[in-house]
Amino acid sequence: MVGAMGDAPVDELLALGDRKLEHGIHYLAAAFFEKALAKEPAHPKAWLHLGQAYLAVGEKDKAREAFDQCLANKPDSDTAAAAHSARP
């Protein structure tokens, strides 16, 4: 399913990832966020939600890296503030 979504716009990939995250399907959510980041590597929301997905499955190092990328890409945003507070 995720492989077939390679041509989807970033916003659609984020929405799909968000839905999977909400339903507790964290690894699939991470895959959608990673696809979005492959298209738009500096997207802070994608980094934030990727970090949340990793944190939910106990991947603290990967979560920390994702949150750090969010902070680095848009340090003065609400998204970065959320990343900072979620950082393990």
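Helix α4 spans residues 60-73 in this predicted model, helices being DSSP runs of H or I with at least four residues, numbered from the N terminus. The 14 residues of α4 reach 20 Å from the first C-alpha to the last, close to the 20 Å expected at 1.5 Å a residue; the expected span is 1.5 Å times one less than the number of residues. The buried residues of α4 are A63, A66, F67 and C70, where buried means under 20% relative accessible area, exposed over 50% and partly exposed in between (1.4 Å probe, protein chains only). These four cover an arc of only 95° around the axis, which puts them on the same side of α4; the arc is that of the directions from the helix axis to the C-beta atoms. Exposed residues D61, E65 and A72 are carried on the face of α4 turned away from its buried side.

A30 is located in helix α2 and is buried, at a relative accessible area of 4%. Neighbours within four places in sequence aside, A30 is in contact (heavy atoms within 4.5 Å) with L50, A53 and Y54. A30 and G51 are 21 residues apart in sequence, and their C-alpha atoms are 8.3 Å apart in space.

H43 lies in the loop between α2 (26-39) and α3 (44-56). With neighbours within four places in sequence left aside, H43 is in contact with V10, L14 and L37.

Residues are numbered from 1 along each chain as its sequence is written, and side-chain values use heavy atoms, with hydrogens and water left out. As the model is predicted, local features need pLDDT of at least 70 and side-chain atom pairs count only at pLDDT 80 or more, whereas totals for chains, interfaces and linings use all residues.

Methods
Helices (H or I, at least four residues) and strands (E, at least two) are DSSP runs, numbered from the N terminus.
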